[in-house]
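The sequence and structure come first.

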Amino acid sequence: MSTRDPAELARRARTALEGAGGMFTKLGQLLATRPDLLPPEALTEFGRLHASARPLTREEVQAAIAAEVGDIDAVFAEIDWEPLGSASIAQAHTARLHDGREVVLKIRRPALEDVVERDLAIAVWLARTAERRTNWGRAYEVTALAEEFAHALRAELDFRHEGEATVEMAAAVADYPGVRVPWIDEAHTTERLLVMERLVGPTLSAAPRERLVGDAGVLGDDLCASQVTAMMAGERFHGDPHPGNVVLCTDGSLGLIDFGVTGKLDTFERSSMFQMLLAIKLEEPSLLYESLVAVGALSPARDPDEIERALARFMAANLGPGLPPAQALTDLLRLTTELGLRLPPQASTMFRALATLAGTLEQLSPGYPLIERVAALGGAEARERMTPASVGEFVQHEWAQLGPLLRRAPRHLDRLATVVEHGGLTARVRLFADAADVRVVERLLDRAVLAVLSLGVGLLSVLMLGTEVGPELAGADVRLIEVLGWTGLFAGTVLMLRVLLDVLRAEPRGP
């Protein structure tokens, strides 16, 4: 098999990450959720990474729990010392409170901070080296990705953040009886210990096929609606709802677990999301482009017309009769990266969550129409926003921001007129802000310098050839100054020819 085969390269990369262990395994798991950065072969391989680690001994677990809650027997009636799982960051155990409730304890490994900081320093250094030395590193801004990973991982080390996110998620899915989120024992949850409800049942990835029948479509509707509605309402949503994070509970509901990666859209991101749905519905590439630019950052080197044409080709390939396939979400996310559009972390999390949710719903209920459900939810939300009460609320909200500006406008105009009257108005212009302009100016200056240099050398050489003074070379009837003159004339001619060739080879500029 060729070493350039994508599947073989992905397998080698996964093996290397597994060999490095520690946070590099966690990095591989994070990359497995980024279909905008990696090809399908790499996503499949990295999805097989398991952050397994040496299990903590009973003594280590007891010491870690006691350091957080004090008297263990006063808090927990029973603890199963056989771990549910042992990962690079934490180890999980089942336990029972004195009131009979079953819980899961997530215990952070002791002395983990130094190991994490060491591995993160290596990862950031590798990213900076790749961005400095490779084109793909600069194109994907891998340093920013590494720093984003470092920030997310440091936040993940504090279990209080995950506990807060879980509480917010429980509030977001409260209206959907088919979806459950474990409650958090906030009284005993600390930076290094997370105590939460135990959801009994197999995960969707491990459940036998016969468990996926019956109300799978209804459960899929609840799961889809709970997450998409949370996105649209600016509430907390699950950032990685893959089948391993969905539990088929014994009571027939779906339970969401592992809230290390979650998202929450701000006002601008939610507005852009509605605009994107509208653009896809109307098949308007220009509107889709505007919605992406509003929420993200566009590289100044990219041509907006080129991006719009690429989005138009995407729509032509994925839209048309009926609704686009769920894979179109992943394709659109990957396309934004290729076009130089840098989405903020929360917007990227939303796209990845929808793409992952598509695969989970397909496994839960084959053929599940995710895009149709998303479009219906978006249409219902849009209709709700167009009601008189919503329009009035929108006008009131906009006036709250615009009113103070309008009240201050006459005062600012008066000050501006005074400055102009006294000749104090100045302007600051930043020349050559575009890298393409800098390259054009540099090329013109290079040509000018070479042309002046060639003319100067040629003129000086002609003067030398016309001079009959100076020593003669031994054994030849030639003066030294003549040799220098002919050499300079040759050099000047070469320089002038180089300028002419550069002009002739220049790409023609469009109208």
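In which sense do strand β1 (residues 76-79) and β3 pair, and over how many bridges? They pair in the antiparallel sense over three bridges. Two strands pair if DSSP finds at least two bridges between them; strands (E, at least two residues) and helices (H or I, at least four) are DSSP runs, numbered from the N terminus.

The model is predicted: local features need pLDDT of at least 70, side-chain atom pairs count only at pLDDT 80 or more, and totals for chains, interfaces and linings use all residues. Residues are numbered from 1 along each chain as its sequence is written, and side-chain values use heavy atoms, with hydrogens and water left out.

| Partner of β3 | Sense | Bridges |
|---|---|---|
| β1 (residues 76-79) | antiparallel | three bridges |
| β2 (residues 85-86) | antiparallel | two bridges |
| β4 (residues 102-108) | antiparallel | seven bridges |

Within these pairs, Ile 79 stands opposite Ala 95, Gly 85 opposite Ala 92, and Arg 96 has Glu 102 of β4 as its bridge partner. The β2 and β3 hairpin has three residues between the strands. Four residues separate β3 and β4 in their hairpin, where Gly 100 takes a positive phi near 95°.
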